[in-house]
Amino acid sequence: MDEETRLRVYKDWAERFDCDISSMTIPNVILREHSKTLKGYNGIYCFFNGTASIISSPTKYISFIKRSISGRHPAETFDANFLIKSIDISKYKVVGPAFQGYVDRASFLEASSLEVVELVTSNQLFLLNDLRKSCSETEWEHSSIEINRQPILAKMSEEKIVAAGSWREEQSGFLSVGILSHPDYRSKGHAKAVVSALTRKGLEDGYTMHYQTLMSNSSSVAVAKSLGFEKLACTLAIRILE
């Protein structure tokens, strides 16, 4: 990945947290009140790039977190249990850590995707509903697929869609790839083929591509890395339910 792409990625994250990009390049723990990007989110959102840790919080928890992070190494503060203890809450939902990967044309490692097709006909979209029914609603949401929004790319097998995906355009202008695989056809390379085709298509249109998945989803992380997506950060969300 070239340095210009890396800089654009970190500039985007700095703007999300309303902080200076230079503070993300040195060992540092940055505590911020929610910016307009996270305004209204009742929870704590964290970012760690291996050097700096950024913690975004509602105003009422700032003083508690500030005391807890004093003198701590950035890696220590990127920890759900540590942060939950610092604000003393009992009802919450943790999402993450999440892999935040990016790829540009220079670093893309294309995989074979000859059998991947774009879904355009009503019959193809009907088959897509079968794939949706085979997966959970959360998996469907993470796929970035919207029936009336193109492109939707898919891998077919035995007149069945075994993997499909799309992308959503972020405010930064990056395209974030989503993928959905049929439970009976996983670990066979179908998801990789679809992600590769989506990535190639986006790069050809001049975009930098983004891939987000839970770090615990090792197979999904492996797909991203095999295609050249570089982990530039991890994120962690703690939604407060009280």
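Residues are numbered from 1 along each chain as its sequence is written. Because the model is predicted, local features need pLDDT of at least 70 and side-chain atom pairs count only at pLDDT 80 or more, while totals for chains, interfaces and linings use all residues, and side-chain values use heavy atoms, with hydrogens and water left out.

A pocket here is an open set of points on a 1 Å grid over the protein atoms alone, where a 1.4 Å probe fits, with protein on both sides within 12 Å along at least five of seven lines; lining residues have an atom within 4 Å of a point. The lining of the largest pocket consists of 49 residues, and H142, R168, Q212, T213 and L214 lie nearest its centre. Elements that give two or more residues to this lining include α1 (3-17), α6 (137-142), β9 (209-214) and β10 (230-240); helices (H or I, at least four residues) and strands (E, at least two) are DSSP runs numbered from the N terminus. Strand β8 gives the largest share, six residues. By type, the lining divides into 17 nonpolar, 20 polar and 12 charged residues, where Ala, Val, Leu, Ile, Met, Phe, Trp, Tyr, Cys and Pro count as nonpolar, Asp, Glu, Lys and Arg as charged, and the others, Gly among them, as polar.

The largest nonpolar core has 25 residues, of which V194, V195, M209, Y211, L227 and F229 touch the most other members. Such a core is a set of buried Ala, Val, Leu, Ile, Met, Phe, Trp, Tyr and Cys residues joined through side-chain atoms within 4.5 Å, with buried meaning under 20% relative accessible area, exposed over 50% and partly exposed in between (1.4 Å probe, protein chains only). Helix α7 supplies the largest share of this core, seven residues. Leaving aside neighbours within four places in sequence, F229 is in contact (heavy atoms within 4.5 Å) with residues including F99, V195, M209 and Y211. Another core, of 18 residues, lies apart from the largest one and has Y61, F78, A80 and F82 among its members.

Helix α4 (residues 80-87) is mostly covered, with six of its eight residues buried: A80, F82, L83, I84, S86 and I87. Their cover includes β2 (43-48), β3 (52-57) and α2 (62-69). After the helix comes D88, whose phi is positive, near 55°.

T208, in the loop between α7 and β9, is buried at 5% relative accessible area. Its side chain makes a polar contact of 2.9 Å with that of R8; a polar contact is a pair of N or O atoms within 3.5 Å, where within protein one must be able to donate a hydrogen and the other to accept it, and residues adjacent in sequence count only if both atoms are side-chain atoms. S220 lies in helix α8 and is also buried, at 11%; the side chains of S220 and Y211 are joined by a polar contact of 2.7 Å.
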